[in-house]
Amino acid sequence: IMKVTLTKKESEELFYIALCNGGEYICGYGIELDFKKSDYERAKSKVESPCYEDVLMQILRDGGELKLVDDEYDGEYNKSITLEDVHRMVQETPIEHLMDAINENDDACTADVILQTVFYGEIIFG
C-alpha cells in the first residue's frame, strides 16, 4: 500500500478543505461538531474573515480542541482532536480519498472520510 507523508501545513490545508466540504455532512450521523464558546470567540477575533472554518482552524492553532458529540448513541462516538491529531492523522486517510483531496478532485464523500479518519482513526459511518 502506498503511503503519503504530508507536511503540517499540507495536513492543515486538507483538513480545512474537509471541514468546508464535509462539516455539515458528518453531522448527518447523529454527531455534532462542538467547541468551547470561549475558544470560538477568542479565535474569531484573530481571523481576518469570520468564516466558520477559519475560526475552527484558529481554535486548533490556539491549542484548543474540536469535538464530535454523539447525540444518538449515548456518547459512544464522542471524540476530541487537537492540531497535533490533524498533523498526524490526515495522512492516514485511505489513499484513494487522500489522493482525491491532494489532486483537488474531492467532494463531500472525500471530506467525510478525512474528517472521520482524523477524529476516529477509521471510517465508522457511511
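1. Aspartate 39 and arginine 42 are joined by a salt bridge in which the closest N and O atoms are 3.2 Å apart. The two residues belong to helix H2, where they are three residues apart, about one turn of the helix. Aspartate 39 is buried, its relative accessible area being 13%, whereas arginine 42 is partly exposed at 43%. These and the following remarks concern a predicted model.

2. A further salt bridge links the side chains of glutamate 41 and lysine 37, with an N to O distance of 3.8 Å. This pair also lies in helix H2, its members being four residues apart, about one turn of the helix. Glutamate 41 has a relative accessible area of 40% and is partly exposed; lysine 37, at 62%, is exposed.

3. In total, the structure contains seven salt bridges. One of them joins arginine 61 to glutamate 12, at 3.0 Å from N to O. Because arginine 61 lies in helix H3 and glutamate 12 in helix H1, this pair ties together parts that are 49 residues apart in sequence. Arginine 61 is partly exposed, with 43% relative accessible area, while glutamate 12 is buried, with 13%.

4. How many of the ten residues of H3 are buried? Seven are, so the helix is largely enclosed by the rest of the structure. The buried residues of H3 are Glu53, Val55, Leu56, Met57, Gln58, Ile59 and Leu60. Their cover includes H1, S1 and H2, together with strand S2 (66-70), strand S3 (79-81) and helix H4 (83-89). Just after H3, glycine 63 adopts a positive phi of about 95°.

5. Serine 45 is found in the loop between helix H2 (37-44) and helix H3 (52-61). Serine 45 counts as exposed because its relative accessible area, 61%, is over the 50% cut-off. Between serine 45 and valine 55 the C-alpha to C-alpha distance is 8.7 Å, for a sequence separation of ten residues. Valine 55 itself is among the buried residues of H3.

6. Is alanine 18 buried or exposed? Its relative accessibility is 1%, and alanine 18 is therefore counted as buried. The residue sits in helix H1 (residues 8-26). When neighbours within four places in sequence are set aside, the contacts of alanine 18 are with Gly23, Ala111, Ile114 and Leu115. Serine 80 is 62 residues away along the chain from alanine 18, and their C-alpha atoms are separated by 16 Å. Helix H1, which holds alanine 18, is also among the elements covering the buried residues of H3.

7. Glu32, Asp34, Asp71 and Glu72 form a negative surface patch. Aspartate 34, one of these residues, is located in strand S1 (residues 31-34). With a relative accessibility of 32%, aspartate 34 is classed as partly exposed. Strand S1 also contributes to the cover of the buried residues of H3.

8. Two points may be read together. The salt bridge between arginine 61 and glutamate 12 involves helices H3 and H1, and H1 is included in what covers the buried residues of H3.

Key: Residues are numbered from 1 along each chain as its sequence is written. This is a predicted model: local features need pLDDT of at least 70, side-chain atom pairs count only at pLDDT 80 or more; totals for chains, interfaces and linings use all residues. Side-chain values use heavy atoms; hydrogens and water are left out. Buried means under 20% relative accessible area, exposed over 50%, partly exposed in between (1.4 Å probe, protein chains only). Contact means heavy atoms within 4.5 Å. Patches are made of residues with over 30% relative accessible area and no salt bridge: like charges are joined within 9 Å, nonpolar side chains (Val, Leu, Ile, Met, Phe, Trp, Tyr) within 5 Å. Accessible areas come from the Shrake-Rupley method with a 1.4 Å probe; for residues, only the protein chains shown count as cover. A salt bridge is a side-chain nitrogen of Lys or Arg within 4 Å of a carboxyl oxygen of Asp or Glu. Lys and Arg count as positive and Asp and Glu as negative; His and the chain ends are not counted. The place of a charge is taken as NZ of Lys, CZ of Arg, CG of Asp or CD of Glu.
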